[in-house]
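Please look over the model shown below before reading the notes on its interface, cores, charged pairs and rings.

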Amino acid sequence: MEDNIYRNIRKISFWLFFLIFIIVLPLIIFYSLGYQFNHNLKRFQKTGIISIRSLPTDVEIYLNDKKINKETPFDIRNLLPNTYKIRLEKEGFYPYELNVEVKPFFVSVVDATLIPRIKDIEKIKEELSICNFFIIESFFGKKIVVLAKEGIFIFNEDLEELAKANLDLDTETLSSIKNIKEGKNRILLYNINNIWTLDYSLWGLKKDLVLEHIYKTDEEIKDVFFGFRDKYLIIQEKSKIVALDIKNKIIFEIYKLNSSDAKVYYDSSSDTLFIKDKIFGLNTTSLFKINISKKIYEKVSD
Amino acid sequence: MRRSQIERILEIIPASLSWSIIIFFILVVIFNPILASLIFIIYLLYWFFRFLYMTVLLVIAHHRMISKKDIDWLGLCKESKTDKDFEDIFHVVLYTIYKEPFSVILDSLSSLKNTDYPKDKFIVVLAGEEREKNILDKLEKIKEEFKKYFKDIIITIHPKDLEGEIPCKGANATYSAKIVKKYLEENKIDLENVIISCFDADTCVDSKYFSCLTYHFLNNPKRYRLSYQPLPIYNNNIYYASALARVIEFGSTFWQLIESMRWEKFVTFSSHSLSFKTLVDIDYWPRDKISDDSLIFWKAFVKFNGDYATYSLEVPVYMDIAVGKNIFDTIKVQYKQKRRWAWGVEAFVYLGVEFLNKKEIPLSIKIKKLLQVLDSHINWATWSIIISFLLPVILLWIAFGKKNELIFFNLSYINTTIWHTLTFILIICLVISKEFLPPKPKNVSKFFYFSFIFQWFLIPLVSALLGSFPALDAQTRMMFNKKIKFNPTPKERINLNSLYIINNRAI
């Protein structure tokens with residue numbers, strides 16, 4: 001091939017690339033900024049993008065109920081400013097639907113996590129007729145405490161039975177249990193007027209536990225805390241806070257509340273009570289701090 | 001204004017422009033990221049099309065070289081009917097030598113010995129430096145070995161610290177060429193019939209180099225207004241160089257191939273040839289400049305009022321890949337070599353000064369040439385810093401800042417699309433580079449070919465490290481009037497297949 005031919009190829013390619021560059025550059029700039037030419041209106045329009053990412057990927061996309069033949073991750077470009085309905089579908093997952101507002105020159109990001117459809121439902125012991133249940137979370141995992149007519153059952157996360165307590169409570173009482181708390185070696189249950197405990201050894205749960213009724217009051221029990229290495233219960237009632245020596249069943253009042261809306265927090269690490277309450281005789285609220293150990297020592301000494 | 005003052009101003013211009021561009025990009029990234037994104041998109045598109053264009057040039061340059069591989073240039077020379085007779089042409093082959101090992105010089109002379117051209121037309125010049133210990137002894141041994149093959153071998157030893165010189169290749173070459181001129185005159189050889197080739201010591205010529213060169217010299221009516229530039233292929237030690245060094249030097253080879261297709265901008269580089277008469281007319285190579293190889297072209301360009309060009313020869317010369325003792329040393333050696341090449345920006349200063357007093361050259365040509373030099377050097381000093389460092393900064397900022405503006409989103413998109421599209425250039429490079437592989441020595445494992453393919457993935461690293469920094473370094477030094485030294489690239493040849501025997505001694 002003669003040098004002239006190479007020269008011509010070079011010239012043609014130079015001018016070709018130069019021409020393409022000159023033509024493409026403004027189009028790319030407009031496109032990058034979000035302008036799209038509308039052939040019907042013969043003018044540029046401002047557009048935005050919906051950028052869809054999903055977990056899992058390869059999810060079908062519906063835009064305003066119309067399927068687009070693309071799967072996630074995908075960017076729907078050249079959308080005029082409006083609100084669009086996006087639905088994501090994948091077999092084995094619940095559909096994911098949301099409305100997305102598209103603003104001109106902006107990207108609206110959809111980051112969806114689809115929830116898998118439940119295939120198998122595991123049922124707890126068939127023979128139990130359950131009144132109530134609670135979940136206790138601890139460092140070693142979760143415990144499911146089930147209150148049934150047949151007794152109190154403790155299961156692990158795989159619904160394996162860990163322990164059971166026989167009881168003689170009626171269905172109504174079982175249903176009234178407000179909350180359960182776990183101490184170092186016992187669980188306590190309480191409803192509006194009563195507190196029960198379930199003891200288990202330090203070395204793990206005993207198979208057969210004993211439910212013991214330890215406290216009854218006429219006032220409404222608002223909250224209960226373990227205190228003094230679980231030897232005491234700190235009980236917040238409607239008008240007072242009392243301490244209960246679990247072993248000896250001794251009760252003494254620690255603090256008289258001025259308001260029924262008082263908020264109480266017990267810090268078991270320092271055995272300190274924090275109380276938000278009204279100041280006696282005034283309509284103002286303040287925060288009080290009480291060192292319980294000192295208070296209990298005084299009461300026990302009395 | 002005095003000449004020295006004009007020179008200083010011109011020395012400051014390239015670095016000022018390069019730094020201004022880089023600082024502009026940094027400021028716009030910090031203060032107006034939206035505008036920065038827009039500029040990056042334009043910049044990326046510009047380079048995208050430039051890369052495509054350069055790929056076309058690379059492919060046609062490669063085609064030109066390959067398609068003319070089998071031409072019988074010597075036969076064409078003999079058949080040429082011009083005002084010059086083939087039989088009258090002599091070649092002075094000048095090797096500038098400084099600390100190159102025996103094996104390197106011997107390989108170069110062996111390649112010269114193996115050319116298809118009549119050897120009695122070769123006057124070989126071994127141009128040593130007094131600064132090298134025992135140089136005369138070394139060159140005498142080489143002369144002894146090869147003198148029987150050529151018309152003559154002349155040894156010249158360039159004295160150190162001559163007035164008006166810096167230690168550089170140009171000073172040595174000029175000193176030698178002046179001695180050769182006397183030799184030619186004494187032997188009644190017409191300078192008009194002599195072609196001088198100034199080679200680095202590691203230059204191994206293609207067997208058809210001199211016949212191709214002579215053919216073009218004979219057949220070109222403007223033979224004294226031309227330099228003849230072979231395609232430098234860095235592959236002499238390719239089987240023993242690291243992947244990093246190979247990629248870098250393939251980049252240099254490809255760049256020269258691309259440049260060889262831009263005839264009107266093409267200037268001499270490294271090993272080159274020209275008429276001895278022209279060399280004398282333009283007063284030889286510059287003796288106080290680092291980049292003598294390109295400045296010799298510009299000297300001629302100025303001397304002949306712009307009526308001077310470089311002809312790209314279709315045959316290659318083979319040179320060494322610059323390597324170090326280890327990977328870090330290789331990077332250092334390569335960096336210094338590229339910085340020395342980038343010092344070629346001194347051509348801008350030279351032209352700027354010379355053009356002032358050259359009324360014969362049209363102003364438009366002067367401006368065009370100055371811009372040509374400036375454009376190539378400023379692009380060299382900035383492109384990889386912008387693309388490898390500043391662009392990723394804004395892309396990371398967009399990614400971590402969760403920016404929802406469409407322009408940011410599209411910058412990432414366009415950037416990814418462009419680089420994905422450009423991967424086909426890598427495939428072209430791989431295919432073309434395969435052509436430049438010499439036969440594999442037996443002691444080299446087949447694993448080399450895997451390494452040869454995967455070396456191309458080093459391009460981003462190489463571009464980032466050695467793309468712009470050496471050029472920016474050179475320009476900045478020039479701006480602050482801190483001249484660089486001419487650091488000859490260390491040449492090492494591991495040749496396990498052969499031993500050289502000189503005076504009955506293996507070396």
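The following briefing covers side-chain packing and pairing, grouped by topic.

This is a predicted model, in which local features need pLDDT of at least 70 and side-chain atom pairs count only at pLDDT 80 or more, while totals for chains, interfaces and linings use all residues. Residues are numbered from 1 along each chain as its sequence is written, chains are lettered from A and ligands numbered from 1 in the order in which they are written, and side-chain values use heavy atoms, with hydrogens and water left out.

**Interface between chains A and B**

- Taking contact as heavy atoms within 4.5 Å, 29 residues of chain B are in contact with 28 residues of chain A.
- The buried area, defined as the accessible area (1.4 Å probe) that two parts lose on being put together, summed over both, is about 2,700 Å² between chain B and chain A, and carbon and sulfur atoms give 71% of that area.
- On the chain B side, B:Phe49, B:Tyr53 and B:Leu406 lose the most area to chain A, together accounting for 24% of what that side buries.
- Three salt bridges (a side-chain nitrogen of Lys or Arg within 4 Å of a carboxyl oxygen of Asp or Glu) are counted between chain B and chain A.

**Nonpolar cores**

- A nonpolar core is a set of buried Ala, Val, Leu, Ile, Met, Phe, Trp, Tyr and Cys residues joined through side-chain atoms within 4.5 Å, and buried here means under 20% relative accessible area, exposed over 50% and partly exposed in between (1.4 Å probe, protein chains only).
- The largest core has 109 residues, and those with the most contacts inside it are B:Phe40, B:Leu112 and B:Phe210; α2(B) gives the most to this core, with 20 residues.
- Apart from it lies another core of 58 residues, including B:Trp285 and B:Val349.

**Other salt bridges**

- Over all chains, the structure holds 36 salt bridges.
- A:Glu89 and A:Arg87 meet through their side chains at 2.8 Å, N to O; A:Glu89 is partly exposed at a relative accessible area of 25%, whereas A:Arg87 counts as buried at 16%, and the charged end of A:Arg87 also sits over the ring of A:Tyr62, 4.4 Å from its centre.
- B:Asp200 and B:Lys169 form a salt bridge at 2.8 Å, N to O, which links strand β4 (residues 194-200) to helix α6 (residues 169-186) of chain B across 31 residues, helices (H or I, at least four residues) and strands (E, at least two) being DSSP runs numbered from the N terminus.
- Both B:Asp200 and B:Lys169 are buried.

**Aromatic pairs**

- A search of the whole structure finds 57 aromatic pairs over all chains, which are rings of Phe, Tyr and Trp (its six-membered ring) with centres within 6.5 Å, counted as stacked with planes under 30 degrees apart, edge-to-face over 60 and tilted for the rest.
- B:Phe25 and B:Tyr43 form an edge-to-face pair, 5.5 Å centre to centre with 65° between the planes, and the pair links helix α1 (residues 3-31) with helix α2 (residues 33-67) of chain B.
- B:Phe25 is buried at a relative accessible area of 5%, and B:Tyr43 is buried at 14%.

Methods: Lys NZ or Arg CZ within 6 Å of the ring centre and 35° of its normal.
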